Amino acid sequence: MVAELTAPRLDVDGLLADPAIRIVVCCGAGGVGKTTTAAALGLRAAEVHGRRTVVLTIDPARRLAQSMGLTELDNTPRQVKGIDVDSSGGELYAMMLDMKRTFDEVVEQHTTPGRAAEIFGNPFYQAMSSTFAGTQEYMAMEKLGQLRAGDQWDLIVVDTPPSRSALDFLDAPARLSRFLDGRMLRLLLAPARGGRSVFSLVTASFGLFSKAVQKILGAQLLTDLSGFVAALDSMFGGFRQRADQTYRILQDPQTAFLLVAAPERDAIREAAYFAERLVEERMPLAGLVLNRMHQTEPAGLDAAESEAAADRLTADGDQQITADVLRIHAGLLRQSERETTVAAEFTRAFPSVPATAIAAQPADVHDVDGLRTIGTLIA
Amino acid sequence: MGDEHRNWPERLHVVTGKGGTGKSTVAAALALGLAAGGRRTLLVEVEGRQGIAQLFGLQPLPYSERRVAATTGGGEVRALAVDPEEALLEYLDMFYKLGAAGRALRKVGAIDFATTIAPGLRDVLLTGKVKEATTRSKDGGRVYDAVVLDAPPTGRVGRFLNVTEETARLVKVGPIKTQSEGVASLLRSPMTAVHVVTLLEEMPVQETLDAIAELTALKIPVGRVVVNGARPPLLAGGKVTKAEIKRGLTAAGLTAAPATVNQLAAEAQAHLTRRELEESLRLELAELGRPMVELPLLPDGVDRAALDDLAALLMRA
């Protein structure tokens with residue numbers, strides 16, 4: 001069994017079966033198994049709870065993606081074949097986010113074809129749609145909004161982008177909004193709108209400003225930029241409205257946030273930051289999933305006894321294999337103890353947040369059977 | 001003296017790796033190792049995580065270079081958390097003497113704008129700062145014997161380091177172009193090495209292979225593959241039976257209860273499964289033909305003593 005957690009138990013099956021829950025967001029630091037967890041939850045929702053489920057992954061490992069039948073970036077949900085939904089009647093679809101294509105679609109939706117072509121041709125758009133810090137997060141939110149608006153899914157499971165910080169996912173839309181509303185943008189737009197500066201009060205600093213910008217960036221870049229900005233201007237309202245809408249959906253009780261963490265100090269610290277933010281933003285935090293917990297039980301031999309016995313055997317020079325076996329046992333016991341201590345730090349800070357633990361698997365998961373095993377362990 | 005660094009001749013060491021592999025720990029240990037024997041190194045982070053402060057048990061670092069550790073022979077490690085906004089203002093001040101205009105830029109949100117929207121610009125500023133520190137001299141000598149950059153993770157490192165490509169799309173002339181070209185030529189020179197940290201797990205190894213392929217294509221010199229968290233080679237023979245465990249327990253003067261034997265056998269089996277996978281991953285990495293170095297798992301967390309141990313291991317490798 002997995003070491004005892006001090007937190008209340010997270011009822012994952014209850015969550016996945018609840019028809020009122022329409023969105024599950026898996027978030028956490030990089031490298032903690034978010035994507036695997038999201039995929040396993042989706043599979044279980046379809047196979048066990050009969051829900052029509054879509055898993056939105058951002059940047060899955062190749063073999064994990066292949067296990068769900070995904071071979072390329074593709075903005076269309078694809079049905080996952082070879083799963084066992086005969087008795088439940090559920091369905092599982094999966095998709096990988098194509099950031100650029102999602103951005104293009106947003107542009108097309110909010111402007112005329114002529115304007116769209118102009119935007120697509122602008123070097124700023126080309127760079128921004130593929131590399132803008134936060135575009136991936138913003139587009140993940142956008143895609144989530146689209147999937148939800150289509151209302152053809154019982155449950156949407158989202159894997160958040162591998163951000164430098166888990167918080168970027170929440171902040172990106174607001175940042176984009178702020179940027180689009182920014183004074184800077186309006187200053188740049190002022191000439192494009194026929195020379196009437198919105199900022200008549202700062203016209204003095206505008207002269208200084210445009211001179212500085214010209215000096216640093218060069219005139220050609222400024223032309224490209226104001227072209228881009230002017231073109232984007234027509235879509236401002238749409239952008240902001242969508243971002244706000246998705247944000248509200250995330251605050252709604254139809255959404256459940258699951259923090260995913262490995263029982264390591266950094267990952268737990270990140271999970272605690274994120275939990276704080278979710279509480280602040282009044283977003284529904286459903287619980288903590290502790291991945292890769294090491295399972296063991298003393299079975300009559302504690303760590304100290306095992307280590308002492310191993311040392312005795314090593315000193316005797318005989319029975320080296322058993323000495324190693326004892327060291328493995330002691331190592332597992334100590335690791336399990338450490339992991340429980342680290343996990344308890346989270347629960348001390350958020351005593352009411354339920355948690356569940358998934359035992360570490362000897363080998364990595366990259367097929368449906370492996371995902372099913374994780375799903376069974378999690379529930 | 002100086003001899004212990006002969007295996008790491010480059011001046012700029014860029015450390016990357018998948019999230020969770022311990023790249024920040026490795027970067028810190030490398031900075032310590034390279035500072036031994038009276039040298040001075042700079043450890044730089046660019047992602048606003050304040051990971052260096054946490055590792056050395058310090059308050060969050062401001063945007064200035066300050067000593068975080070003393071080493072043997074009067075050596076020291078300084079650290080810098082580069083903030084893109086501050087770097088931009090500093091850059092403007094240095095090259096344009098903007099003064100009031102610089103402040104005006106900040107007032108209208110231009111700094112926020114420039115460091116958020118203009119893709120690549122942010123990275124040019126960050127890498128530009130790294131280049132400046134790497135090449136800075138004073139009184140006819142280099143200020144830093146080596147600079148260690150705790151870089152973005154493998155998934156983003158290629159784009160981060162490939163600054164010219166990114167900015168060239170936007171900026172055809174002018175000082176930013178000059179700046180990015182300077183950074184690009186340093187990053188492609190023998191003065192630089194990018195080290196990739198990995199664990200013996202499938203995804204980090206896959207990302208390591210991908211990152212090395214990407215960096216190679218970009219002609220950015222790849223240094224070591226650092227295998228972190230390596231476990232001691234227990235059960236090297238690869239086989240274990242319950243009868244054997246039973247005999248061993250008895251020999252050690254313990255009771256060989258069936259429950260104990262079964263539990264130990266199951267744990268040993270899981271260990272062997274894991275080890276087999278690790279072996280095949282190690283082989284995959286070895287096939288890259290890059291120099292490899294293994295660092296042990298630190299079960300009790302990382303403190304200064306542990307960092308010093310890792311530093312010594314790195315310098316010997």
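**Close-up 1. L307(B) sits in helix 13 (residues 304-316) of chain B.** Helices here are DSSP runs of H or I with at least four residues, numbered from the N terminus. This is a predicted model, so local features need pLDDT of at least 70, side-chain atom pairs count only at pLDDT 80 or more, and totals for chains, interfaces and linings use all residues. Residues are numbered from 1 along each chain as its sequence is written, with chains lettered from A and ligands numbered from 1 in the order in which they are written. L307(B) is buried, with 23 other C-beta atoms within 10 Å (buried takes 20 or more, with C-beta atoms placed from the backbone). Leaving out residues up to four places away in sequence, L307(B) touches A28(B), A29(B), L32(B) and V302(B); contact takes C-beta atoms within 7 Å.

**Close-up 2. Helix 7 (residues 154-161) of chain B meets helix 10 (residues 202-217) of chain B.** Their axes, lines fitted to C-alpha atoms over the stretch in contact, with angles from 0 to 180 degrees between N-to-C directions, come within 9 Å and cross at roughly 10°. That makes the pair roughly parallel (angles under 35 degrees).

**Close-up 3. Chain A splits into domain 1 (12-179 + 245-297 + 340-378) and domain 2 (303-336).** The bounds come from an automatic or database domain assignment. The C-alpha centres of these chain A domains lie 41 Å apart. Four residues of domain 1 of chain A contact four of domain 2 of chain A.

Note on methods: Helices (H or I, at least four residues) and strands (E, at least two) are DSSP runs, numbered from the N terminus. Angles under 35 degrees count as roughly parallel, over 145 as roughly antiparallel, 65 to 115 as roughly perpendicular and the rest as oblique. A residue is buried if 20 or more other C-beta atoms lie within 10 Å of its own, exposed if 12 or fewer, and partly exposed in between; C-beta atoms are placed from the backbone. Two residues are in contact if their C-beta atoms, placed from the backbone, lie within 7 Å.
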